[in-house]
Protein chains: 2
Amino acid sequence: MKIKEHILIVGAGLCGSLLTLRLAQRGYMVTLIEKRPDLRQVEQDAGRSINLALSDRGLRGLRLAGIDSEAKKLCIPMHGRMIHDRQGNTFLSKYSGRSNEYINSISRPGLNMLLLDAAEQMSNVEIIFNHGCKSVDLENASGTFKNYSTGKEVNYSADILIGTDGAGSSVRKSMFNHKKFLFSFSQQWLTHGYKELEIPATKEGKYRADKGALHIWPRGEDMLIALPNLDGSFTVTLFLPYSNSEYCFDKLTTADSVLSYFKKEFPDALTLMPNLAEQFFANPTGPLGTIKCSPWNCYGKSLIMGDAAHAIVPFYGQGMNASFEDVVVFDEILESFEGKENGSTNWNTVFSEYEKNRLKDTNAIADLAVDNFHEMKEHTASELFQKKRKLEMSFEAEFPMDYYSKYSLVTFNEKITYEEALKRGRAQDKAILNLIDDGKLTEEMSLEEKLAIVKKETKDVLHDDAVVRNLK
Amino acid sequence: MKIKEHILIVGAGLCGSLLTLRLAQRGYMVTLIEKRPDLRQVEQDAGRSINLALSDRGLRGLRLAGIDSEAKKLCIPMHGRMIHDRQGNTFLSKYSGRSNEYINSISRPGLNMLLLDAAEQMSNVEIIFNHGCKSVDLENASGTFKNYSTGKEVNYSADILIGTDGAGSSVRKSMFNHKKFLFSFSQQWLTHGYKELEIPATKEGKYRADKGALHIWPRGEDMLIALPNLDGSFTVTLFLPYSNSEYCFDKLTTADSVLSYFKKEFPDALTLMPNLAEQFFANPTGPLGTIKCSPWNCYGKSLIMGDAAHAIVPFYGQGMNASFEDVVVFDEILESFEGKENGSTNWNTVFSEYEKNRLKDTNAIADLAVDNFHEMKEHTASELFQKKRKLEMSFEAEFPMDYYSKYSLVTFNEKITYEEALKRGRAQDKAILNLIDDGKLTEEMSLEEKLAIVKKETKDVLHDDAVVRNLK
C-alpha cells in the first residue's frame, strides 16, 4: 500500500479535531497544531461560548467518525424556543411539529475534549499545543509557529496544510495578503455585540428553569437567550447594540444601570442571576461577525475549512454544525478522487471540487443566520409571525412527510443542502406570510386545503424568481 | 468671518479634484495630494479607462461646481446600445423612449484636467503631485507621503482628511488595519478581467462606426464594448474570463489565438482593428472588483469618498457618476450642519450623516452594476429580455411621464436615489418578465392597458416583499 500524505492541520478547535480524527481514520499521517494550551489540562475562560446547539448536520459529522454515541452523552435536548415576555409569562414555540426533531445543548469544551481524546488514540496523529501560527507558506504547505513555552519560532511543514484556525484564521490572512491571485473576502459586523452570563444551578444542583428548551427574551433591538448545561446551570447570552440605542453596551457602565435594565426588560431572568452585575463586568463583550471568502485553497497545497473559511453569526445555531458538515463533504469528495490519478491524489482537484460543492451552502447558512438574528429579536413576538409558526406546526404535526418549515429544512434535514433550504424556506415563508396577510387562508378551510394553497403559492414564488434569474 | 478648516484631500482623480474645487468654493483651505505626476504634463498610459460614461448624476456634480458647460464640450452623446451579432448585423437598443435621455462618452484624463485646472485657479487650493500616501494617522488627520522625486518621506496634516484615493485606497487600508473599531469590509472579484483596445480613426480622422451609440458585442460569457472618443477613435474593452472557459485570458497567449478568437466571435470588430494582436499583448489585463465598507469615517477626523469607499464594476457606467453624486450629497449635508454648533462644524456629525444618507445608495449601485454585468453578457440577446425592452421603450415613448425603466431610473433620474431605483427597477423587471412569460400581456390589449397591468403587478411585487421584510 502506498503511504498516504502527511497533513498539517492548523487549529485544534471543534472542526480541526474532527478533521484530524477523520483523516487519521482514512490513513493519513496528521500533525495537528494549536495555539492555545491543551484545554484538557487548563481552567476554562469564563464568558466564551460555553455551550452550543448541536443538530442533525453536526451529528452526521460525528457519526462519520464513529463518535456520535459518545457525544450524545453530553447532549441536553431542547424541543423549542421558550419565549419570555416582560411580565415573565412564557410560552413554548416548538422547533418542529414532528416529535423526533429537536436540537441539543452541548458543552463546547466537553465536545472538544472528546474529539481530542479520540484523535490522540490514533497512532498516526501528533498533536502540538501552545504553538501560535505566525504565517503560512501557502505554496509549500508549511508554516512558522511561535512556541509560547520557549518563545522561539519553529517551522512545520507537510504535504498539504489545512487551516481550521477559526474566524480570526492566520492561514486565511496569509491568503488575503498573498498577492498572486484574486482573493474575494468579506467581513461584516453586526451593530450588536454579545456577552455571556450564567444562571447558576440551585444549591441542590437543580435547574432554575425548564431545561428542555432554548429560552429567549426577545425585545426588539436586544435579546437574551439561555441554553442548559449538564451541571444544572444555564449559559445566558445577551445580544445588545454597542451604541446608539436606549440600552447599549456603551451606556451600561455601572452595576445600577445593568440591574435596572434587567429589571425592566428581563425581570424573571434577573431573579435567576444573583450575581448579575459582577458577571457583567467580569466577562468580555464580543463582536458578531460574518466572514465569507473565496478561493479557499491555493496551489493544491493549502486549504481553509470551518470558521476560518466561513464564520457566521450564532442565530441559527449552525456554526459548529456547518463546520462538521464541511468534514463530511470533504470526506465525500476525497473518497471520489483519492488515489485516482495513477494511484496519486490530485489535491488541487480535491480542494477545488470541495469548494465548488460547498461554498454556495456556507454562503447560504451565513445569510440565513443573519436573517434569523432579525427574526429572533424583532419578529418572534409579531402577530403575523406567530400565526405563520402556528400554521407550520400544524402542517408538520398533521402532514409530517409533506411539510418542512425553513427552520426544519435547515436544522433537521441533512439531506437538503443549506442553499436549497434557503431557497425553499424563504419562498415558503413569503408565500405563507402573504397568504395570511391577504386573508386568503380562511377559518372554513381544512388544514389540507390550506397546505395545498401554500404549496401552490410557494411554487409560484419560486417560478417568478426563476424567470428573472434565467430569462429563458 | 471665522476662518474655515484646512482640509487634506488624498487623491487627485475625478472625485478628489471635484471635491477640492467644491470645498474651495465653500471657503475651505484645501491641500490636494496625488501619488501620480501631474497628468497635464505627462504622456498617458495606454489601456487604462481612456473614456467613461457621464450621465445625469455626474452632470449634477459638475453643475454644482459650475463646470458642467465646460465638461459638455468634451462629451459625445450615446443614445443606446448598438448590438453586434456574430454575423456583423447590428441593431440599436435605445437607452430610453424619451429623446432627451442619453449618456455621454467623455475622456477621463480630459475631464480630470478640466477639474484640476479649475481647482488650481482658486487661491485657497494647493495641489501636490508625485507624493504617494504610505499611511494615515486617522485620529489626527495626517498622513505620511513619499515624495517620489526625492525619495524622502514627508508628513502633511490638516484639520480633517478625506481619502479619495480610489479602489486601492491607502486611507481605507489604514482603516482596515486600525484595530480600535469594527470595520466591515468586502472585496468581491468577478471571474472576468478586462483589457482595453482601440479602434483607430480613419486616416481622415473619421469614425469607423456610428459614434452615437455604445457598441456592444454580447457573447454569453464574454463581451466586447466600444465608446467613441473626440478624435474619431473608439476605446474598446474586452471582458473575458481569466480561465476555465473555451476562450479566456489564460489561453489567449499567441497572436494567432487572439486573431482567430476575434475572427470567430467579433468579425466586424476585427476588421476595424488593424493592429489588434500588438495592442492585445501591449496592454495590461485588469481585474473587476466591487468594494464595500463601513464606517467611512472615524473620529470625525478622517473620511473616505468615491471609489475609495465604494468601488464598483463598470457595467452600469455609474462609477464616476456615483462619485460625483457623493460630492453633491456631501455638500448638502455640509450645508445643513456647517457652523451649526456654536459657530463651529461638528465634523463627526457631518461625516456620520453623510454615510447614513449615502451608504445604502452606493451599496445599491454596486449590486446593480453586477446585475448589469450578467444582463449585458447573457441577457441582452435573450428573446424574453428583448420583449421586455421593446415594451419599456413603447411605454417611455408613449407615456414619458408615467413610466421609467430600471435603466432610466438609475441613469436619468437624479432625484431618485440608487436604492429606490434598485427597488422599483427590480420589481418592475420582475413584473414585466413574469407577465410576458405567463402570456398575460396579449396582442389585443392597448399599450395603456398593458401599462396599467404592469403597474398593478409591480405594486404587488413590492407589497409581497414588504410583508416579509416588515412582518407588520
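This is a walk through a predicted model, from the contact between its chains to helix packing and then to the backbone.

Start where the chains meet. In the interface, 28 residues of chain B are in contact with 28 residues of chain A. The area buried between chain B and chain A is about 2,700 Å². Carbon and sulfur atoms give 60% of that area. Look next at the pair B:Lys430 and A:Asp465. These two residues form a salt bridge, and their closest N and O atoms are 2.6 Å apart. Over all chains, a search of the whole structure finds 68 salt bridges.

Now move to helix α12 of chain A, which spans residues 383–398. A salt bridge links A:Glu392 with A:Lys388, with the closest N and O atoms 3.0 Å apart. Both residues lie in helix α12 of chain A. They are 4 residues apart, about one turn of the helix.

Helix α12 of chain A also packs against helix α15 of chain A, residues 447–470. The angle is about 110 degrees, and the axes are 11 Å apart. Angles of 65 to 115 degrees count as roughly perpendicular, so α12(A) and α15(A) are roughly perpendicular to each other. From α12(A) come A:Leu391, A:Ser394, A:Phe395 and A:Glu398. They meet A:Leu447, A:Lys450, A:Leu451 and A:Val454 in α15(A). By class, the contact of α12(A) with α15(A) has 5 nonpolar, 1 polar and 2 charged residues.

A second pair in chain A is set at another angle. Helix α2 (residues 56–64) and helix α10 (residues 319–337) of chain A pack at about 45 degrees, with their axes 7 Å apart. α2(A) and α10(A) are therefore oblique to each other. Their crossing is left-handed. On the α2(A) side, the contact is made by A:Arg57, A:Gly58, A:Arg60, A:Gly61, A:Leu62 and A:Leu64. On the α10(A) side are A:Asn321, A:Phe324, A:Glu325, A:Val327, A:Val328, A:Asp331 and A:Glu332. The residues of this contact divide into 5 nonpolar, 3 polar and 5 charged.

Turn to chain B. The axes of helix α1 (residues 14–25) and helix α4 (residues 108–120) of chain B come within 9 Å and cross at roughly 25 degrees. That angle makes α1(B) roughly parallel to α4(B). The crossing of α1(B) and α4(B) is left-handed. α1(B) contributes B:Leu14, B:Ser17, B:Leu18, B:Thr20 and B:Leu21 to the contact. α4(B) contributes residues including B:Arg108, B:Leu111, B:Asn112 and B:Leu115. By class, the contact of α1(B) with α4(B) has 8 nonpolar, 3 polar and 1 charged residues.

Finish with the backbone. Most residues other than glycine have a negative phi, and most peptide bonds are trans. Which peptide bond in chain A is cis? The bond from A:Ser294 to A:Pro295 is cis, with omega near 0 degrees. A:Pro295 sits in the loop between β17 (285–294) and β18 (297–298) of chain A. In chain B, a cis peptide bond joins B:Ser294 and B:Pro295, with omega about 0 degrees. B:Pro295 lies in the loop between β17 (285–294) and β18 (297–298) of chain B. A:Ala141 has a positive phi, near 50 degrees, and is a residue other than glycine. A:Ala141 lies in the loop between β9 (131–137) and β10 (142–147) of chain A.

Definitions and conventions: Residues are numbered from 1 along each chain as its sequence is written. Chains are lettered from A and ligands numbered from 1 in the order in which they are written. This is a predicted model: local features need pLDDT of at least 70, side-chain atom pairs count only at pLDDT 80 or more; totals for chains, interfaces and linings use all residues. Side-chain values use heavy atoms; hydrogens and water are left out. Axes are lines fitted to C-alpha atoms, for helices over the stretch in contact, and angles run from 0 to 180 degrees between N-to-C directions. Helices (H or I, at least four residues) and strands (E, at least two) are DSSP runs, numbered from the N terminus. Angles under 35 degrees count as roughly parallel, over 145 as roughly antiparallel, 65 to 115 as roughly perpendicular and the rest as oblique. Contact means heavy atoms within 4.5 Å. Ala, Val, Leu, Ile, Met, Phe, Trp, Tyr, Cys and Pro count as nonpolar, Asp, Glu, Lys and Arg as charged, and the others, Gly among them, as polar. A crossing is left-handed if the near helix is turned anticlockwise from the far one by less than a right angle, and right-handed if clockwise. Buried area is the accessible area (1.4 Å probe) that two parts lose on being put together, summed over both. A salt bridge is a side-chain nitrogen of Lys or Arg within 4 Å of a carboxyl oxygen of Asp or Glu.
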